[in-house]
Amino acid sequence: MKIKEVAEALERFAPLPLQEDYDNAGLQIGLTEVEASGALLCLDVTEAVIEEAAAKGCNLIVAHHPLLFRGLKQVSDTTQVERCVRLAIQRDIAIYAAHTNLDNARGGVNYEIAERLGLHDVDFLRPEGEGGSGLIGHLAIPEDPYSFLKRAKDTFAALCLKHNQGPARPVQTIAVCGGSGDFLLSDAIAAGADAFVTGEMHYHDYFDHEQEIQIAVIGHYQSEQFTNEIFKTIIAERCEGVKCFLTQTNTNPIIYL
């Protein structure tokens with residue numbers, strides 16, 4: 001199967017028109033008419049990830065975060081992005097990214113978060129055409145706020161979970177958004193969510209919601225770390241014969257002391 005056929009399978013699941021207008025999902029680097037020798041699946045593209053792909057005999061990397069997000073004025077070795085571009089071309093490895101289109105697709109990133117939290121009857125928090133931003137769903141049984149926070153922390157192996165004081169009431173209706181979800185906080189409150197789980201939240205957004213909603217911030221990397229599993233399922237079901245590998249490289253740039 002050619003690399004372009006793998007890309008087409010990913011785009012049938014998460015069509016590129018679903019991406020936000022600031023995004024740059026899709027093919028990043030490489031030729032797509034060649035046969036896919038294997039795909040390395042990752043959250044971020046780094047030099048170590050490219051070398052891992054080469055070592056595993058993969059000529060395709062499928063990432064969640066686009067390597068090329070802003071325009072390049074040169075391709076040297078000044079920045080990590082420039083070094084990665086040069087290395088991928090040297091190793092003859094194509095790079096493809098499914099970012100906010102995968103966030104906004106049915107069965108995408110937020111569905112993975114919701115499933116791992118045990119949510120039922122989920123739907124988009126902010127529907128937009130065929131997709132939408134965030135999700136809202138329900139726990140089968142109401143849960144004590146602290147127990148829910150602790151379970152969310154353990155489920156996503158968060159070394160640090162940040163939260164506000166929050167209401168004392170049990171939580172059952174839960175909103176989620178992978179990555180930076182602060183733009184959906186007001187939607188979660190308006191929808192009657194008891195808690196909002198996301199990867200990042202601005203400092204000032206923690207204020208004034210003590211009686212409205214329990215905010216739970218598990219970390220950007222942590223909230224999206226299982227995106228690889230979505231890629232693996234898509235390729236396994238739609239691209240017979242293409243070997244898939246989940247990266248063994250931890251690309252989280254944040255170190256917790």
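**Pockets and ring pairs**

Let's start with the largest pocket, which is lined by 22 residues, with Asp44, His65, Pro66, Phe69 and Gln80 lying nearest its centre. This is a predicted model, where local features need pLDDT of at least 70 and side-chain atom pairs count only at pLDDT 80 or more, while totals for chains, interfaces and linings use all residues. Residues are numbered from 1 along each chain as its sequence is written, and side-chain values use heavy atoms, with hydrogens and water left out.

So what's a pocket? On a 1 Å grid over the protein atoms alone, a pocket is an open set of points where a 1.4 Å probe fits, with protein on both sides within 12 Å along at least five of seven lines; lining residues have an atom within 4 Å of a point.

The largest pocket has a volume of about 590 Å³, volume being the space filled by probe spheres set on the points. Helix H3 (80–90) and helix H8 (220–224) each bring at least two residues to the lining of the largest pocket (helices are DSSP runs of H or I with at least four residues, strands are E runs with at least two, numbered from the N terminus). Sort the lining of the largest pocket by type and you get 11 nonpolar, 8 polar and 3 charged residues.

Now for the second largest pocket, at about 330 Å³. It has 18 lining residues, and Tyr221, Gln222, Gln225, Thr249 and Asn250 are the closest to its centre. H8 turns up here too, and H8 and helix H9 (227–238) each supply at least two lining residues.

Next, the rings. The whole structure holds 4 aromatic pairs, meaning rings of Phe, Tyr or Trp (its six-membered ring) with centres within 6.5 Å; planes under 30 degrees apart are stacked, over 60 edge-to-face, and the rest tilted. One of them joins tyrosine 111 and phenylalanine 124 edge-to-face, 5.9 Å centre to centre with 80° between the planes. Tyrosine 111 sits in helix H5 (residues 109–117) and phenylalanine 124 in strand S5 (residues 120–128), 13 residues apart. Tyrosine 111 counts as buried because its relative accessibility is 17%, where buried means under 20% relative accessible area, exposed over 50% and partly exposed in between (1.4 Å probe, protein chains only). Phenylalanine 124 is buried as well, at 6%.

Phenylalanine 156 and phenylalanine 226 have ring centres 6.0 Å apart and planes at 50°, so this pair is tilted. The two lie 70 residues apart in the chain, and both are buried.

Key. Nonpolar A, V, L, I, M, F, W, Y, C, P; charged D, E, K, R; others polar.
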